[in-house]
Amino acid sequence: RMYHREDGSVAVVAMMSHDYDQSASDRGTAYNFFDGSSWGDYPYERAEANATGYDMRTGWPSIAPYGENGEILVNHSDGLNYYIRETAGEGLWDGPYSIPAFDYSYSLSWPRVVTSGENNEIIHVVAAAQNTDNNGNTVTTQFYCRSTDGENWEVNYSPLVETNEHIGIYSADDYCVSANGDVVAVVYATPFHGDVLMFKSTDNGLSWT
């Protein structure tokens, strides 16, 4: 996952592990930054180990600009976590902080993050959660999370709720999200039994069409 600023800088994150085992007990976020002329050093250290809070095993990192000069990193462990720093590519990450689920029968995972607004101050996260129904089947539910201050979160079903397709149709990683100014768009696509759908907001995620 990556973002690209108008000044030419680029940040990139990916899942990383140095453990040659499928359990990947040290799984976390590899991060690198391009300042417009050169990349940083090879990321041997997980971003989670360069944070103000405790270290943890994570997966599915996603990155976006945040504020005038900063950035936000979102990933999952037992639920969604996020980290913020004031200057992109520099210093400790402040975190981890948690994005709460509105229903604790759900543990949100597989996030994508973008930011919108004049200074990238509004945070948008799309994610999914899986649970088991009464028949023992795994069911995936889609969610949308929004914050205007980096501290308090509104967590709701995704815009798919408008077509009653937010449960049991689209799976983990069946979505992508993008932002441009005050416009945010989410696309859902599944190879199995659903359509390709796009939901668009022109008011920073307050309403969707």
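The model is predicted, so local features need pLDDT of at least 70 and side-chain atom pairs count only at pLDDT 80 or more, while totals for chains, interfaces and linings use all residues. Residues are numbered from 1 along each chain as its sequence is written, and side-chain values use heavy atoms, with hydrogens and water left out.

**The largest pocket**

Start by selecting Y3, H4, P65, T115 and N120, which among the 34 lining residues are the closest to the centre of the largest pocket. A pocket here is an open set of points on a 1 Å grid over the protein atoms alone, where a 1.4 Å probe fits, with protein on both sides within 12 Å along at least five of seven lines, and lining residues have an atom within 4 Å of a point. Its space comes to about 730 Å³. Next, colour strand 12 (175–180), the source of the largest share of this lining, 6 residues; strands are DSSP runs (E, at least two residues) numbered from the N terminus. By class, the lining holds 13 nonpolar, 13 polar and 8 charged residues.

**Along strand 12**

At the turn of the hairpin, 2 residues lie between the strands, and G181 takes a positive phi near 65°.

**The second largest pocket**

Now move to Y31, D41, P43, E45 and N50, which lie nearest the centre of the second largest pocket, lined by 15 residues. This pocket has a volume of about 250 Å³, and strand 3 (residues 28–34) gives the largest share of its lining, 3 residues.

**The nonpolar cores**

Finally, select I72, I99, L108, V125, C145 and W153, the residues with the most contacts inside the largest nonpolar core, which has 20 residues. Such a core is a set of buried Ala, Val, Leu, Ile, Met, Phe, Trp, Tyr and Cys residues joined through side-chain atoms within 4.5 Å, buried meaning under 20% relative accessible area with a 1.4 Å probe and protein chains only. Strand 9 (122–132) supplies the largest share of this core, 4 residues.

What is W153 in contact with, leaving aside its neighbours within four places in sequence? Its partners are Y82, I99, P100, I123, V125, C145, R146 and S147, contact being heavy atoms within 4.5 Å. Apart from this core lies another, of 15 residues, including A128, Y175, F199 and W208.

Methods. Points joined across faces, edges and corners; volume = space filled by probe spheres on them. Nonpolar A, V, L, I, M, F, W, Y, C, P; charged D, E, K, R; others polar. Buried < 20%, exposed > 50% of the residue type's maximum accessible area, 1.4 Å probe, protein only. Pairing = 2+ DSSP bridges.
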